[in-house]
Amino acid sequence: MLLTGDSTGSICLNDKVINAKTTSENINLNLGRNDVFEQSDLSVNSGTLGFVNGIAQEQVMQSLNINGHINLAVDVDLQNKKMDTLPDNVVLSNDAWISVNRLNLLSDASNELTGIKFASDSYKSKVDYNGANPLAYSPIYKYEVSYNPDDGFFSFLKGGANSGNPSDNFNPSVLTAPVAQLAGLYTTQLQTFNYAFQHADNYMNVPHYERNAAKNINKYALSSSLVGDVGVFSPIFSKTYEKGFWVKPYVSFESVPLNNGPKVNNVNYGTLIGYDSELTPIAKGFERVLTGYVGYNGASQRFSGIDSFQNGGLLGGTVTLYKGNFFNATTLSGGASAGSNSTMYGNENFTMLFSGIGNKTGYNIEFFDGKLIFQPSFLMSYTFLNTFDYTNAAGVSIKSDPLNVIQLAPGVKIIANTDNGWQPYLAVSMIWNLLDESRVTADNIRLPEMSIDPYVQYGVGLQKRVKDNFVAYGQAMIQNGGRNGISLSCGLKWLVGKVER
């Protein structure tokens, strides 16, 4: 029986071949059990011979003849120091050569360095290892692999990385949980904190005398700080404090070099839709606005051949207080996200929950009657993230402790109010993430604790009132440090009710 092809075809034999003389040429032949040719003869002249079936054991054949240069794929059980081996009665011709090009690691070694006998003295010098690189992957670790033709042993060095980054010692497929937590869901929650303070972002871009004029319209004529300069209708602001709906889509493209983790290419995107109440006076000269919002959020990460995706939704509310040039806004939000990973073992799914509270405080320092505003601010937030335990596509149990992260973000914004109603601004802030070290295990093996290093965020924005009832804006922010990339957002607020001048 001749099995032949063009080097791309594959044949898998899972039952015994009885009383046959079989020749394999230029195909990928895999044996689903170790005794397929126990009662038959096999000759392999070229192509690939595979014993990958999830069990590391010696092959049993009536006879095996290797007559040319072939590739070999084998299972390896590091825990029990066993691997698939050729039968004792194998015969190699003078020009035969065996290149082991695939090692399917079934388990992890107990020791840092593990040696396993593969070839007998009769052909140990006719074997080499030519995998895609000197690394082989178990479901949890990476191993640096070498073959010694002097003794016929394969050596497996656990980890095998000399980079100084502990995550480089692990199979990337077990790193998806901490990566999705930090680079995915946590950065998505930070976007919510960036964009949930819609009313304050619009309202405090406007000079103090304009805000007072709008609140007291039809009550009395308001003069500015310059004596005799009577307030008139401004194209910048006309009853912007009125209740209204708003929408903010956003997207960011970034590289996140996680501390003790991989460098992740991350994209997150979403849309927040909210409603602001009227500006309402309360005690001691303060005024209040209540905001409710819902949102869709998504993120995707790519690193080391892994693709991870999350999609979910959130619900939140904000209370914003004003007094003169001072503002303080507190937002509370929570939601859920469904995630999926694509790894070398296949696809897997997981579920995440998140919630958080953020507070932003700021003060306007005005120059030139509010044509230039200097606005220092401080944003502080707390985020809770929980990834439910799951079993990945390789059968490894992934367990994650909840993350409780605190963010500190002092910043400053410089706003210009032009005569034609355009409001360009510059903004810069410094972000620190505290207590954000991930705590994840894979089959009870502790993975490296990853975190996001501090980073600076700076950029420009532009806001303008459009046709009285609309306020539109666009913004581009650049991150450098623990996050490197750009975040883009735009927004539109639709004022509800009569607009007065």
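**Figure 1. Strands S24 and S25 in the nonpolar surface patch of the predicted model.** Strand S24 (365-367) and strand S25 each contribute at least two residues to the nonpolar patch; the model shown in this and the following views is predicted. The patch lies on the surface and consists of Tyr363, Ile365, Phe367, Phe368, Leu372, Phe374, Ile414, Leu426 and Val460. Together these residues have about 820 Å² of accessible area.

Figure 2. Strand S22 (residues 326-343) and strand S23 (residues 346-363) are antiparallel and are joined by 18 bridges. The two strands make a hairpin, with two residues between them. Ala338 has Thr351 of S23 as its bridge partner. S23 also runs antiparallel to strand S25 (residues 372-387), to which eleven bridges join it. Here Met352 is partnered by Thr387 of S25.

**Figure 3. The largest nonpolar core.** This core comprises 93 residues, and Ile98, Val100, Leu103, Phe154 and Phe156 have the most contacts inside it. Helix H1 (residues 176-195) gives the most to the core, supplying ten residues. A separate core of seven residues includes Ala200, Tyr203, Met204 and Phe327.

**Figure 4. Surroundings of Leu103.** Leaving aside residues up to four places away in sequence, Leu103 is in contact with Val74, Val76, Met83, Tyr129, Ala136, Val145, Phe154 and Phe156. Leu103, Phe154 and Phe156 are among the residues with the most contacts inside the largest nonpolar core.

Terms used: Residues numbered from 1 in each chain as written. Predicted model: local features only at pLDDT ≥ 70, side-chain atom pairs only at ≥ 80, totals over all residues. Heavy atoms only, no water. Core = buried A, V, L, I, M, F, W, Y, C linked by side-chain atoms within 4.5 Å. Buried < 20%, exposed > 50% of the residue type's maximum accessible area, 1.4 Å probe, protein only. Helix = DSSP H or I, 4+ residues; strand = E, 2+ residues; numbered from the N terminus. Contact = heavy atoms within 4.5 Å. Pairing = 2+ DSSP bridges. Patch = residues over 30% accessible without salt bridge, like charges linked within 9 Å, V, L, I, M, F, W, Y side chains within 5 Å. Areas by Shrake-Rupley, 256 points an atom, 1.4 Å probe, with all protein chains shown as cover. Salt bridge = Lys/Arg side-chain N within 4 Å of Asp/Glu carboxyl O.
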